Amino acid sequence: MSQSFDTLIQQGLQASQSDETELALKYFHEASQAAPSEGLPHFLAAGELAQVGRTQDAEGAYATAILLAPAMAVARYQLGLLQFATDRLPLALTTWQPLLALPEEDFMHQFVQGFFALASEDRSHAEQCFRKGLSLNTVNPPMNQDIARVLESLAALQAPEAPAEATPVVEDTATGDEASAHVLLANYQPMGKPN
């Protein structure tokens with residue numbers, strides 16, 4: 001890899017941290033041109049695109065990252081999560097399938113196992129896998145935040161409904177991170193229940 005590739009990646013990351021999405025995407029694009037066989041710029045661009053709601057573009061970028069770097073498990077995991085969040089569970093499970101070959105001590109294996117358990121309507125096993133994954137993941141806190149939100153959403157789905165007249169009306173003031181909590185399980189419905 002050239003020095004310019006590393007520099008472009010660093011500049012893209014700095015732009016991303018400053019919430020300058022378009023500038024970050026420009027640097028990641030230039031990095032992908034500087035090193036066409038590298039999956040990293042596509043992976044980083046996908047994260048930026050997903051952050052601003054450009055899910056179709058993000059999905060394409062994640063898929064390119066996986067094609068160029070098949071061993072990049074985090075790209076495969078994120079692609080599956082994006083597919084899951086956009087109500088395409090069968091596609092997400094197909095994307096995630098290779099991650100089940102990771103060792104059981106790998107947090108991504110546990111997270112994916114949890115989503116497979118959800119697909120089988122086994123919430124108890126799903127929660128067990130998610131919690132085990134949370135305890136194993138010491139390297140990627142944002143993934144833990146996503147899974148913690150999934151667990152919160154599952155708990156809310158299991159909670160008994162309050163009477164309609166006792167339900168307070170609360171204005172939705174969720175920030176970007178909080179809003180993604182709704183995204184992860186917004187489209188999840190156990191099989192046989194209407195959306």
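Start by selecting helix 5 (residues 73–85) and helix 7 (residues 107–119), which pack at an angle of about 25° with their axes 11 Å apart. The two are therefore roughly parallel to each other (angles under 35 degrees count as that). Helices here are DSSP runs of H or I, at least four residues, numbered from the N terminus, and axes are lines fitted to C-alpha atoms over the stretch in contact, with angles running from 0 to 180 degrees between N-to-C directions.

Before going on, note that this is a predicted model: local features need pLDDT of at least 70, side-chain atom pairs count only at pLDDT 80 or more, and totals for chains, interfaces and linings use all residues. Residues are numbered from 1 along each chain as its sequence is written, and side-chain values use heavy atoms, without hydrogens or water.

Next, show the side chains between the helices. Ala 73, Val 74, Tyr 77, Leu 81 and Phe 84 of helix 5 meet Met 108, Phe 111, Val 112, Phe 115 and Leu 118 of helix 7 (contact means heavy atoms within 4.5 Å).

Now click on Phe 115, in helix 7. Is Phe 115 buried or exposed? With a relative accessible area of 0%, Phe 115 is buried (under 20%, with exposed being over 50%, partly exposed in between, using a 1.4 Å probe and protein chains only). Leaving aside neighbours within four places in sequence, its contacts include Leu 93, Trp 96, Phe 130 and Ile 147.

Last stop: select Ala 75. Leaving aside neighbours within four places in sequence, Ala 75 is in contact with Phe 43, Tyr 62, Ala 65 and Ile 66.

How values were computed
Angles under 35 degrees count as roughly parallel, over 145 as roughly antiparallel, 65 to 115 as roughly perpendicular and the rest as oblique.
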